[in-house]
Amino acid sequence: MELWQEFLGILAEKHPNDARANLMYAEVLQSLNRKKEAIEYYKKAVESNTQEINGWTNLLILQSELGMTEDLIIYAEKAKTLFPTQPVFFYMYGHALMVNDQYKDAIRPLKNASNLIFNNSQLAIQVYSSLGDAYHRTEEYSKSDESYQKALKLNPRNLYVLNNYSYFL
């Protein structure tokens with residue numbers, strides 16, 4: 001693995017504008033739990049090829065995991081613009097806004113995400129749960145209850161949703 005890692009590192013350094021080289025090296029770094037370094041190479045990959053959807057996805061996930069909220073807001077906004085039919089990017093943008101206490105601003109992208117989800121109940125639960133939280137924070141209680149109910153309809157045993165819904169009642 002070390003030789004392969006070294007090779008991809010050299011390739012990415014010699015070809016800094018090659019999205020594939022940067023993406024492959026970023027994936028290796030991520031697999032080695034070198035997340036901050038991986039983020040830099042994912043950034044290079046998506047800047048070199050804006051249509052690199054896997055690069056965008058991994059970049060946003062790592063930014064979220066590392067609590068890089070400001071960067072997450074910037075890059076998730078770009079991703080949702082580039083991929084307007086991908087609900088995960090709308091969710092990540094809304095999630096980042098919520099982490100940044102921008103609950104009212106988070107509602108629109110979360111609603112957009114909910115309208116785009118097909119056959120992904122896990123993402124739908126996350127979106128509806130986040131909508132419930134955002135509506136509660138903006139004192140739109142009936143919409144909050146409705147969102148939690150939609151999440152519970154998909155998974156009646158989701159502890160996070162059950163906890164928040166019961167707490168906010």
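By the ring-pairing rule, the count comes to four aromatic pairs, where rings of Phe, Tyr and Trp (its six-membered ring) pair if their centres lie within 6.5 Å, with planes under 30 degrees apart called stacked, over 60 edge-to-face and the rest tilted. This is a predicted model, in which local features need pLDDT of at least 70 and side-chain atom pairs count only at pLDDT 80 or more, while totals for chains, interfaces and linings use all residues. Residues are numbered from 1 along each chain as its sequence is written, and side-chain values use heavy atoms, with hydrogens and water left out.

**View 1. The pair W56 and Y75.** The ring centres of W56 and Y75 are 6.2 Å apart and the planes are at 50°, so the pair is tilted. Because W56 belongs to helix α4 (residues 53-65) and Y75 to helix α5 (residues 69-82), the pair ties together parts that are 19 residues apart in sequence; helices are DSSP runs (H or I, at least four residues), numbered from the N terminus. Both W56 and Y75 are buried, that is, under 20% relative accessible area with a 1.4 Å probe and protein chains only (exposed is over 50%, partly exposed in between).

**View 2. The pair Y148 and Y165.** Here the ring centres of Y148 and Y165 lie 5.5 Å apart with their planes at 35°, so this pair is tilted. Y148 lies in helix α9 (residues 141-154) and Y165 in helix α10 (residues 159-168), so the pair ties together parts that are 17 residues apart in sequence. Both Y148 and Y165 are buried.

**View 3. Helix α4.** The buried residues of α4 are G55, W56, N58, L59, L60, L62 and Q63. After α4 comes G67, whose phi is positive, near 70°.

How values were computed. Helix = DSSP H or I, 4+ residues; strand = E, 2+ residues; numbered from the N terminus.
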